[in-house]
Amino acid sequence: MRRLKKMGIGLGILLLVTCIIGVSFIYISPQFGRRANANQKKAYALLPNYKDGKFINREKIEMEMSMRSFSKMFREMLSPDPNVNPKSNIEVVNLNSDDLEVKADSINEVIWLGHSSFLIRLNGKTILLDPVFSEKTGPHSFFGRKKYNNQMPIDLIDIPHVDAVFISHDHYDHLDYYSIVNLKDKTDRFLVPIGVGNHLKSWKVDENKIQEFNWWDEGAFDGIQFAFTPTRHMSGRGLADQSSTLWGSWVLKGKDKSIYFSGDGGYGEHFKEIGEKYGPFDIGLMECGQYNKLWADVHMMPEESVQAGMDVKAKRIIPIHWGSYRLANHAWTEPVERFKAKAKELDATILTPRIGENINLNQQEHTQSTEWWVKITGK
């Protein structure tokens, strides 16, 4: 009996120490960022999309959180689709850093860096969207899923100068500590949702470079107009900060070319509103991947991604948020294959570039629509 009591005490101490280490890691590790202070929360409380200490969506979201749903999700994790990961490394197109030095205002191009990360040239200005250069997505290198591609199209150190970084929300696959820390001294401005600026300030980004935006806020720099627009999603980097910062999408307009970047989120009426207010767009970068019926309100199915692209009046649509990480349990190519099928049905024009491939927006016709993933899957 005494032995059992000692074992119980020992187990209790072990659990306590584990909890202390876990909590300490969350509060000490810089990757988690910083939360809003009391004065900021008072200011947030005056906003129509903030309630009871959290930012809220315009349309209600429902996520099944029952024991049955958790059991189903756990079973899927243990036995995912057999093709959930590619059979080999995804080869990327390497970028020439010398090209980024060219500032001619006639340059308008879009380069997919994988998942939801993009290098954009608009009016010759260099813009990064949700830059994630880390090998894994998560708060630390021993957490998260490893990328399918062993290297990025360009190393962070080889990017000479960035005019602006746009962030859609603070989830780890969109806001990357390593990338921000290595970009902060070569970037002129960081344009982020409300609350995300706190993370950047804790990472020693000059606060004069940071601008925060609520939905429908607009701004401009160097002849580029932009607006922060709604999505149907959530945010959070720790266990107790869910939806404590805002999330959204971005509208970018140059002197004669325009881009819509969807960020993450479920399908909703906001897409048509954005299309009516800011469309048409030359390119729509639409979330397509890492979905599940259990969280369908906050991540679109591929068929919805195509429809959303048409709702915002994008002339050409690129599926993003796929092809880099396993964050769901579907086959890794399922998103793009379903996306292509729906686009054909709706007669939508789509592009499926390789990671690192350059899409020149000044060209009338684009050829970046090869089924490059077929070679990797061996179909």
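This is a predicted model: local features need pLDDT of at least 70, side-chain atom pairs count only at pLDDT 80 or more; totals for chains, interfaces and linings use all residues.

**Exercise 1.** Which residues line the second largest cavity?

Residues are numbered from 1 along each chain as its sequence is written, and side-chain values use heavy atoms, with hydrogens and water left out.

*Solution.* 
- Start with the term: a cavity is a set of points on a 1 Å grid over the protein atoms alone where a 1.4 Å probe fits but cannot get out, and lining residues have an atom within 4 Å of a point.
- Now the list: Val84, Tyr148, Gln290, Gly323, Tyr325, Arg326, Leu327, Ala328, His330 and Trp332.
- Sort them, and you get six nonpolar, three polar and one charged. Here Ala, Val, Leu, Ile, Met, Phe, Trp, Tyr, Cys and Pro count as nonpolar, Asp, Glu, Lys and Arg as charged, and the others, Gly among them, as polar.

**Exercise 2.** Find what lines the largest cavity.

*Solution.* 
- Look around Asn57, Arg58, Glu59, Pro230, Thr231, Arg232, Glu269 and His270.
- This lining splits into one nonpolar, three polar and four charged residues.

**Exercise 3.** How do strand 11 and strand 12 pair?

*Solution.* 
- Strands are DSSP runs (E, at least two residues), numbered from the N terminus, and two of them pair if DSSP finds at least two bridges between them.
- Strand 11 and strand 12 (residues 224-229) run antiparallel, with four bridges.
- Phe221 sits opposite Ile224 in strand 12.
- Two residues separate the strands in this hairpin, and Asp222 in the turn has a positive phi of about 50 degrees.

Technical notes
On a 1 Å grid over the protein atoms alone, a cavity is a set of points where a 1.4 Å probe fits but cannot get out, and a pocket is an open set with protein on both sides within 12 Å along at least five of seven lines; lining residues have an atom within 4 Å of a point.
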